[in-house]
Amino acid sequence: MEKQKTAVGRRKEAVTRVFLSKGEGKIVINDKDYKQYFSLVYLQNQVELPLKTVELTDKYDVKINATGGGMKGQAEAAKLGIARALLQVNPEFRPALKAAGLLRRDPRSVERKKPGRKKARRSFQFSKR
């Protein structure tokens with residue numbers, strides 16, 4: 001029995017722990033099927049993308065623990081975590097995953113609020129009189 005591979009994916013405030021093991025292609029997020037957890041199809045596609053890229057959709061089971069952030073952040077964090085776990089399975093997947101842009105952590109996050117402003121850049125409404 002091959003030991004399961006683990007990896008961490010992050011995006012904005014979302015963090016996912018990914019556990020990859022041999023199986024028949026089930027993806028479970030927080031004890032729910034990923035199609036139930038992510039109701040939007042494009043988020044489901046984000047989660048499937050690394051497995052589709054290396055053509056292993058029905059060879060591995062994926063268990064994901066997702067915390068923090070929103071739905072999109074969690075989906076993209078899961079995508080990164082799955083890609084990193086696949087690298088542990090076979091380092092030869094690297095060129096394909098890298099070409100698809102799946103190994104890069106998205107560094108964008110929310111800009112902090114500045115003093116004297118309503119939000120980060122939004123100013124208070126100007127009144128001439």
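Visitor: Which residues of the largest nonpolar core touch the most other members?

Guide: Bear in mind that this is a predicted model, where local features need pLDDT of at least 70, side-chain atom pairs count only at pLDDT 80 or more, and totals for chains, interfaces and linings use all residues. Numbering runs from 1 along each chain as its sequence is written, and side-chain values use heavy atoms, with hydrogens and water left out.

Now, the core: by that we mean buried Ala, Val, Leu, Ile, Met, Phe, Trp, Tyr and Cys residues joined through side-chain atoms within 4.5 Å. Buried is under 20% relative accessible area, exposed over 50%, and partly exposed in between, using a 1.4 Å probe and protein chains only. The largest core has 28 residues, and Val 47, Val 62, Ile 64, Ile 82, Leu 86 and Leu 97 are the ones touching the most other members. At least two residues each come from β2 (14–22), β3 (27–29), α1 (34–37), α2 (41–53), β5 (60–67) and α3 (71–89). The top contributor is α3, with seven residues. Those elements are DSSP runs numbered from the N terminus: helices are H or I with at least four residues, strands E with at least two.

Zoom in on Leu 97. Skipping its neighbours within four places in sequence, Leu 97 is in contact (heavy atoms within 4.5 Å) with Pro 50, Thr 53, Val 54, Ala 83, Leu 86, Leu 87, Leu 102 and Leu 103.
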